[in-house]
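The following explanation is intended to be read beside the sequence and the coordinates. Please keep both in view while following the paragraphs.

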2 protein chains.
Amino acid sequence: MAEPGTKTPRERYRGQVRAEVKERAWEQIATAGASALSLNAIAKQMGMSGPALYRYFAGRDELITELIRDAYRSLADTVRAAYDSGADVAGLAHALRAWALADPHRYFLIYGTPVPGYHAPDDITAISSEIMATLLDAYTALPSDRPTTPFATHLEDHRHWAGDHPAPSTTLHRALTFWTRLHGALSLELAGHFKGMGFDPALLFAAELNDLTTNMKADPGAA
Amino acid sequence: MAEPGTKTPRERYRGQVRAEVKERAWEQIATAGASALSLNAIAKQMGMSGPALYRYFAGRDELITELIRDAYRSLADTVRAAYDSGADVAGLAHALRAWALADPHRYFLIYGTPVPGYHAPDDITAISSEIMATLLDAYTALPSDRPTTPFATHLEDHRHWAGDHPAPSTTLHRALTFWTRLHGALSLELAGHFKGMGFDPALLFAAELNDLTTNMKADPGAA
DNA sequence: TCGTGTTCGTTATAAGTTCTAACGCGACGG
DNA sequence: CCGTCGCGTTAGAACTTATAACGAACACGA
């Protein structure tokens, strides 16, 4: 029985093949999209024929799930690394955008059109919580004079997704808003919906980010 | 030669079949997603076998393009109808959300993960402009005391996508922000990313909408 | 009323896909 | 050194999109 650290030659080989399969899969996704991912084509590319890959992945779904997991992991690590090296909320936003622009398909694998039957395993939702936790950490360091909101009071009763993070519910609201707004600007940019409109998507992103990090007061005159 | 109004029996029949095919396609998309759309299955469902559908659609791509066009048309009409019946910006937002919730797959067909090779025909981008024009109309009726933004001045030089709409560039910015923020909240909700978090997505949407319609002043203390 | 020609639906076929099953070779490990 | 486990193969089933060729039904003009 091998210790957890060392692996048997077979395990090493298996790991290498799995890694190469995933690498080819990413290339294929980058050029043809996730829906056109073909196990057959990957096998041929690697010099082996068809069903050999089923020794390494139970099927197309498992491969894609693995890719999604890797994508989440990569995003969580990127965000965390930015935070650990001293980045503030804005720094996190720029890290997110850079990560997304580096490989749009990887972003859409996480935040794109959901597959009807598919349900993410628990460990993937756990990674998602990691990202949220980092965001809450960053927002905790950012002082705010924003007034509390009805939604924030609603979150008071529904904050279990934040784990045991001590951030006040207004911070929860801000983090959630960070997520939805930047995803909105980013996903439309990556999907090409701004193509032909002429303006610079980076400036739109920057404008949204500015709203997210600038302290504002609600106009008392408004209802 | 038939006048433009009346159609030959063959054209009527052709139109009926095309319509039924699209109807079945929508059902199939609603249950299995757009990627699982099968011409063969639709044909069988309609009592005819396989390649018969190629008399009506050049292929899978043309059918999907047609569905995308219909989806855009439906959204543009919905938004326009809301505006014409006196809805303000908030009314438009609620119409948008209701439309999206009524058939999430239809929403994702427009705003979901882009197909790598696919480029939308010009008439589809024209419908997109229609939606934007309606939004600009609604925002024009909404008075604003918001300060101008760097992005708004940038839009000053890139406003050709607004056609000849007389709205000031700050309004262009507000309309664009309406789009990206509501899309952000809506798409994450529809994709199920809020599942298990417990809070009510409608309240998050309402909070974003409130920010989009409430007059605010930037805190002078911020850089 | 009777051709004529367009259009439609069929079957057959090609080239793909995922995935299972059965078989043999080779290497790893006791 | 030898058994067993793992890997890769080919064969095949059940799908898919899409094209080709054939026959029948229908609309339309003479």
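The model is predicted: local features need pLDDT of at least 70, side-chain atom pairs count only at pLDDT 80 or more, and totals for chains, interfaces and linings use all residues. Residues are numbered from 1 along each chain as its sequence is written, while chains are lettered from A and ligands numbered from 1 in the order in which they are written.

A residue counts as near a strand if its C-beta atom, placed from the backbone, lies within 6 Å of it. Two or more residues of this surface are given by each of α1, α2 (39-45) and α3 of chain A and by α1 of chain B. Elements are DSSP runs numbered from the N terminus: helices are H or I with at least four residues, and strands are E with at least two. The most is given by α2(A), with 3 residues. By class, the surface near DNA strand C has 8 nonpolar, 7 polar and 6 charged residues. Here Ala, Val, Leu, Ile, Met, Phe, Trp, Tyr, Cys and Pro count as nonpolar, Asp, Glu, Lys and Arg as charged, and the others, Gly among them, as polar.

DNA strand D is likewise surrounded by 21 residues, the closest being M48(A), N40(B), P51(B), G59(B) and R60(B). Elements giving two or more residues to this surface are α1 (9-32) of chain A and, from chain B, α1 (9-32), α2 (39-45) and α3 (60-84). Here α2(B) gives the most, with 3 residues.

The two protein chains also meet: 46 residues of chain A are in contact with 46 residues of chain B, where contact requires C-beta atoms, placed from the backbone, within 7 Å. On the side of chain A that touches chain B, α8(A) provides the largest share, 8 residues. That side divides into 21 nonpolar, 20 polar and 5 charged residues.

Within chain A, helices α3 (residues 60-84) and α4 (residues 89-102) pack at an angle of about 145°, their axes 9 Å apart. Axes are lines fitted to C-alpha atoms, for helices over the stretch in contact, and angles run from 0 to 180 degrees between N-to-C directions. L75(A), T78(A), V79(A), A82(A) and Y83(A) of α3(A) meet G91(A), L92(A), A95(A), L96(A) and W99(A) of α4(A). This contact comprises 8 nonpolar, 2 polar and no charged residues.

The largest nonpolar core has 102 residues, and L135(A) and L135(B) have the most contacts inside it. Such a core is a set of buried Ala, Val, Leu, Ile, Met, Phe, Trp, Tyr and Cys residues joined through C-beta atoms within 7 Å. Apart from neighbours within four places in sequence, L135(B) is in contact with L92(B), A175(B) and F178(B).

In chain B, helix α5 (residues 104-111) is mostly covered, with 8 of its 8 residues buried. The cover of these buried residues includes α1, α3, α4 (89-102) and α8 (169-190) of chain B. A residue is buried if 20 or more other C-beta atoms, placed from the backbone, lie within 10 Å of its own, exposed if 12 or fewer, and partly exposed in between.

R159(A) lies in the loop between α7 and α8 of chain A. R159(A) is partly exposed because 19 other C-beta atoms lie within 10 Å. Not counting residues up to four places away in sequence, R159(A) touches S169(A) and L172(A).
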